[in-house]
Amino acid sequence: MTDAREQQLAILHSMVRIRRVEERLSELFSQGKVPGFIHVSIGQEAIAAGVCSCLGPEDSVLTTHRGHGHALAKGIGLKRFMAEIYGRRDGFCKGKSGSMHIADKGVGVVGANGIVGGGLPISLGTALASQYRGEKTVTVCFFGDGASNQGTFHESLNIAALWSLPLVFCCENNGWAQFTPQARYMKVESVAERAEGYGIPGVTVDGNDVVRVREAALEAVARARRGDGPTLLECKVRRWLGHYVGDAQKYRPPEDVKGAKALDPIRAYADQLSAAGAIGPDGLADIELRVKAEIDEAVRFAGESPPAGPEELFTDVYA
Amino acid sequence: METRYIKAINEALAEEMARDESVFVVGEDVGGAGGAFSATRDLLARFGARRVRDTPISEAAIVGIATGAAIRGLRPVAEIMFADFLALSMDQIVNQLAKVRYMFGGMYAMPVVIRAPCGGGLNAGPQHSQCVEAWFAGVPGLKVVMPATPHDVKGLLKSAIRDDNPVLFLENKALYALKGDVPEGEYLVPIGKAEVKRAGKDVTVVATSRMVHQSLEAAQGLAGEGIDVEILDLRTITPLDKESIFRSVEKTSRLVVAHEAVKAFGIGAEIVAAVCEELPGRLRAPPCRVGAPFVPVPFAQERQYLPDAAGVVRAVKSVMAA
């Protein structure tokens, strides 16, 4: 198999894995197995998989409350990820972060942020560190359309541009900021239009098309690596479900919900690979089986991991 | 050697930057201009633009830069031009920087120093004169330091830079011109340790920052009246050195707390509560707090507003009389 083919299958696998993990988590959440809130990224898998396929383990990724997909696509281990979401001791953060603050320093998942727009200024610092040390590593900061209205978005784009930081600002525009649709919180059509105001390239791609996402991401990452500065990469998708698991979406017109699910990025890519002969008739089913096995094992691992001990409440406040 | 407080800060920065290549400075006007108060003078020339970074007016981003850089192993010293402007970076300080280590289960150490000038006395008005330690003292994960002398500001800044935790370093701008003895050569002042600046047996005055000097002045006059005042310079707000406070109160049985910040809900309240809870029955008289009245820092009426030596004298006399 060629490298290119392997890469394609890896991307498909990544997308399927994200989808099935998110579905399983939603199910487990409804069964009361998961503390707190979870925000799934179902329907947005192409962005995580496409962008992260351009990155190496030394590159850094910042993500949001809707960050499971980015963490998984960046290479976070599923067992400890699951344990973390369950709030158990074997999680990456010893059960102290949960869904909204998933992190694994080892694979460059800096940490998920529960404050909308909170990761943007931090991404300036992680990118600065690369530049400071003369490394060729880059930072990708994922955020949503809603975050592009926070002051921090504007401060961050300006400074990243000024300092030519090795940074990719990746906006997942799913048209909804929690319970409010884009037309009601933004005058311009695309978040990418704002890039011009800061002197950096702004690119909008169809976030359902993993090939387009990857193409645009490769270019943005290459720009960053060679020292030509940041890019604002906007990936437009539709949000399939509510803001959080359990959100009945009463605020949303039903046609909008239906329309969102009309295009499945995984189906689209699988069909594309199939048509190109890159995947056989059993290829997708094969991936599904492997993914299910991995998830089953992770869920078992998480369930068996003990909760954080009471002494853990007091640890790591200070170094 | 007699050194001004602001020069002592500059020396600490230069020494730590020379010692550790991962230390860098970031803030508004810190580079080319040498800092709005000259704290970072000559650092750009000596260490270069990679390590002394001027930013646009973007306080949230300044703290975010420091947070992200620390996550990746650098040791940033951020300057926020006036402590009042810390309000513009509250999310980055309180929800991000202070909580990164805990939230991510100890994955990261966060060796960040945020320096900011606080305090009144320059007629700078309500938005440029606040003492803000109480805003941050109750945030787990942060350390808050308020040095009162050139000796302490240098030693504490060096310690803060070497500390692997986020330190909010509050310099009183009215003290910038103050001269004091600063030793030649390498020394550190530990974070979390108060210091008795004047030993005495009749009453404990726990003071911070500029009020240390006001208390020393008050003590001189009171000595003439036969009242022997012990002045404990807290130096660090959090972690609070309760041991030193209690040791002093055990000795004197009378407590005054003096800080420039508004009295209501200030750190004096925490100190009084700690003494009352943990040394029950020890106080011979009700404690007394000296702090500013519950109004914004005024522009032209500072003399009426700012706590001073006379206020400390009144407080001491009230606990002596009871």
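This is a predicted model: local features need pLDDT of at least 70, side-chain atom pairs count only at pLDDT 80 or more; totals for chains, interfaces and linings use all residues.

Student: In which sense, parallel or antiparallel, does strand 1 of chain A run relative to strand 3 of chain A?

Tutor: Strand 1 of chain A covers residues 60-64 and is joined to strand 3 of chain A by three bridges.

Student: What is the handedness of the crossover from strand 3 of chain A to strand 4 of chain A?

Tutor: Strand 3 of chain A also pairs with strand 4 of chain A (residues 167-173), in the parallel sense and over six bridges. Within strand 4 of chain A, Glu172(A) stands opposite Gly144(A). Between the two strands the chain passes through helix 6 of chain A (residues 151-162), and this β-α-β crossover is right-handed.

Student: Why is strand 3 of chain A described as largely enclosed by the rest of the structure?

Tutor: In a regular strand the side chains alternate between the two faces of the sheet. Here Thr139(A), Cys141(A) and Phe143(A) point one way, while Val140(A), Phe142(A) and Gly144(A) point the other way, and all are buried. Strand 3 of chain A is therefore largely enclosed, the number of its residues that are buried being six of the six.

Student: How many residues of helix 2 of chain A are buried?

Tutor: Helix 2 of chain A spans residues 45-52. Its buried residues include Glu45(A), Ile47(A), Val51(A) and Cys52(A). The helix is largely enclosed by the rest of the structure because the buried residues number eight of the eight.

Student: Is His65(A) buried or exposed?

Tutor: His65(A) is placed in the loop between strand 1 and helix 3 (68-74) of chain A. Leaving out residues up to four places away in sequence, His65(A) touches His39(A), Met100(A), Ala112(A) and Gly114(A). Because His65(A) has 21 C-beta neighbours inside 10 Å, and 20 or more are required, this residue counts as buried.

Student: Where in chain A does Asp316(A) lie, and what is its phi?

Tutor: Asp316(A) belongs to the segment after helix 10 (283-304) of chain A. With 20 C-beta neighbours inside 10 Å, Asp316(A) counts as buried. Although Asp316(A) is not a glycine, its phi is positive, at about 65°.

Student: Is Asp29(B) buried or partly exposed?

Tutor: Asp29(B) is found in the loop between strand 2 (23-27) and helix 2 (43-47) of chain B. Its phi is near 60°, a positive value in a residue other than glycine. With 16 other C-beta atoms within 10 Å, Asp29(B) is partly exposed.

Student: What is the form of the peptide bond from Thr238(B) to Pro239(B)?

Tutor: Pro239(B) lies in the loop between strand 12 (236-238) and helix 8 (242-252) of chain B. The omega of the bond from Thr238(B) to Pro239(B) is near 0°, and its form is cis.

Student: How many residues of domain 1 of chain B are in contact with domain 2 of chain B?

Tutor: Chain B is divided into domain 1 (2-181) and domain 2 (195-321), whose C-alpha centres lie 26 Å apart. Domain 2 of chain B contributes 23 residues to the contact, and the number from domain 1 of chain B is 24.

Student: Which element gives the most to the side of chain B that touches chain A?

Tutor: The contact takes 34 residues from chain B and 32 residues from chain A. The residues on the chain B side divide into 16 nonpolar, 13 polar and five charged. With 10 residues, the element that gives the most is helix 3 of chain B.

Notes
Residues are numbered from 1 along each chain as its sequence is written. Chains are lettered from A and ligands numbered from 1 in the order in which they are written. Two residues are in contact if their C-beta atoms, placed from the backbone, lie within 7 Å. Helices (H or I, at least four residues) and strands (E, at least two) are DSSP runs, numbered from the N terminus. Ala, Val, Leu, Ile, Met, Phe, Trp, Tyr, Cys and Pro count as nonpolar, Asp, Glu, Lys and Arg as charged, and the others, Gly among them, as polar. A residue is buried if 20 or more other C-beta atoms lie within 10 Å of its own, exposed if 12 or fewer, and partly exposed in between; C-beta atoms are placed from the backbone. Two strands pair if DSSP finds at least two bridges between them. A crossover is right-handed if, with the strands pointing away from the viewer, the path from the first strand over the helix to the second runs clockwise. Domain bounds come from an automatic or database domain assignment.
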